[in-house]
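Q: I would like to learn how to read some features of a structure. Please show it to me, and then we can go through them.

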Amino acid sequence: MDITILIFLSSGLFLGWALGANDAANVFGTAVGSGMVRFTTAAIVCSVFVILGAVISGAGTTETLGKLGAINTLPGSFMAAFAAAFAVYLMTKTGLPVSTSQAIVGAIIGWNLFSGTPTETKTLANILSTWVLCPVLAAVFSAIIYKLVVGPIRHTKLHLLRRDTYTRIGLILAGVVGSYSLGANNIANVVGVFVPANPFTDFNITETWVFSGTQQLFLLGSIAIGVGVFTYSKRVMMTVGSNLLPLSPIAAWVAVVSHSIVLFLFASQGLEAILQSQGLPTIPLVPVSSSQAVVGAVIGIALIRGGRGIQWGVLGKIGLGWIVTPFIACAFCVLGLYFLKNVFDQAVFN
Amino acid sequence: MKFSKDVRLFHRTKDLEVKIDQFLDALSESALVFRGAVDAYLVEGCSDQFSEKHHHVDRLESEADRLRREVETQLYTQTLIPESRGDVLGLLENLDHIINLIEGVFWSFDVEKPEVPDHCIEGFQALVTASCDAVEAVVLASRAFFRNIEAVGDHNHKVVYFETEADKASTRLKRKIFESDFDLATKIHLREFAEKIDDIADWSEDVADRLAIYVIKRTV
């Protein structure tokens, strides 16, 4: 492979690394932070299932991002991913919770503005609506699941130790589903912008099984996420959970399950096909923020418990991050594309 | 490999559950034996029956110590119940102290052989009954902590009740002792025994108070 291709892909891989470092904590944070699951177990499970989710089910959300803006040259894709990664880095540095999904959408719009490509308003409206819908849905799911699960568990009279064992297994299973959903939903953020200018070609593993170029791109992106999980997520996992509301292991399980359901709903082409065949309205396949889904889920649990103990200040910060991230990414993308085009003489769009 | 590890995890959990139950059985049995032993002492002094019960409680105390150590070690080496193991450890150690107190009273009877006058026998019996009832109730509260956390409050309520009864019985007994014509040394000697037996109920109440906090921590 040409070395320049790897250089251009590096920004996406960096974004993948940042996503792995930050978002694995949404899936396994409380489990690892509370000592219920060992970090190594969490990291292995998370990486494997993020990769599977990305390669098997990552196409749906990528298609939506493609509709928003089909960045058609590698240098353009590089700058969009780089602008998103820069926004993520900047927000993390200032201590604001950040969403890679919002950063990449901001960056794509930046590319659209720079290249003069009109932004499809219907797709944009779809994406914007999911940013609100995602935490709200997660809150609704977590409130319902919490009510359904915690009440009966209290009446089971299971021994404390037995319950602990079941909770551990439950946390790992929820982590499996959560990691798969994270890979399926968020791989578009990492390498989605490279799909229209994808340097990889399809190859046949067997006569019927083709490993497509897009899947190869997803594999690379998800490996970058895995590297982020192994190298940096432990620190985030150890601090997560106590920030917004202290959670018991069972409440943490509810939060992870709700988060995973929401991410899966926004990524599943299978579910979309079923809804379509029944003539029902479909759920848009959009990369949503894993962090915001978890925040929504935690708030759902807090509300069903009577709304005590929520750190409203933290919630305000999250809201601020919501608004600021896409603007920073968009502005930085326009600026970066200008430099790339005029200083480095790269074709940032066709 | 993973499956067999999970099976082992369930086996270890079961093993620990059994050990905790056996530990609580030992405590409950110690209180029952203690009640019978004091009754025997009050009637016939340091008899064979009393000595046999003393040995019985000695064995139970050693067994409880062994079980407690094994449970504590397993909880930490196998990193089980990370959220509550500090509480479980505190609970077991405080419950173990109750058996130690019971054993201590046994040794005091055995070594010091206090002479209990007839008019104080009823007072001692009432005190021992209330203290042992408090221990029984705290054992039930502890079992509930592991299996049915919502019932802990009900048992704790009884612990508090029996502790108050033990305090009343102890005060009545001490009054009787000091209103009598014994020499001061005998009075102080008997008072010491009343206080040692009352300590068993006091300590049971302290464990119940801790349990109440553990319950709040686990339900928040």
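Q: Are B:Phe109 and B:Phe193 buried or exposed?

A: Buried means under 20% relative accessible area, exposed over 50%, and partly exposed in between (1.4 Å probe, protein chains only). B:Phe109 is buried, and B:Phe193 is too. This is a predicted model in which local features need pLDDT of at least 70 and side-chain atom pairs count only at pLDDT 80 or more, while totals for chains, interfaces and linings use all residues. Residues are numbered from 1 along each chain as its sequence is written, chains are lettered from A and ligands numbered from 1 in the order in which they are written, and side-chain values use heavy atoms, with hydrogens and water left out.

Q: How many aromatic pairs are found in the whole structure?

A: Rings of Phe, Tyr and Trp (its six-membered ring) pair if their centres lie within 6.5 Å; planes under 30 degrees apart count as stacked, over 60 as edge-to-face and the rest as tilted. Over all chains, the search finds 18 aromatic pairs. One of them joins A:Phe82 and A:Phe332, which are tilted, with 6.0 Å centre to centre and 40 degrees between the planes. A:Phe82 belongs to helix 4 (residues 74–93) of chain A and A:Phe332 to helix 12 (residues 312–342) of chain A, 250 residues apart. Helices here are DSSP runs (H or I, at least four residues), numbered from the N terminus. A:Phe82 has a relative accessible area of 32%, so A:Phe82 counts as partly exposed.

Q: Which parts of chain B does the pair of B:Phe109 and B:Phe193 tie together?

A: B:Phe109 lies in helix 3 of chain B and B:Phe193 in helix 6 (residues 184–219) of chain B, so the pair ties together parts that are 84 residues apart in sequence. The two rings are tilted, at 4.7 Å centre to centre and 55 degrees between the planes. Ring pairs join both to a cluster that also includes B:Phe34, B:Tyr41, B:Phe50 and B:Phe106.

Q: Which charged end sits over the ring of B:Phe193?

A: A charge sits over a ring if NZ of Lys or CZ of Arg is within 6 Å of the ring centre and within 35 degrees of the ring normal. For B:Phe193 the charged end is that of B:Lys196, 5.6 Å from the ring centre.

Q: What does B:Val105 touch, leaving out residues up to four places away in sequence?

A: Contact means heavy atoms within 4.5 Å. B:Val105, in helix 3 (residues 85–112) of chain B, touches B:Phe34, B:Phe193, B:Lys196, B:Ile197 and B:Ile200. B:Val105 counts as buried because its relative accessibility is 1%.

Conventions. Helix = DSSP H or I, 4+ residues; strand = E, 2+ residues; numbered from the N terminus.
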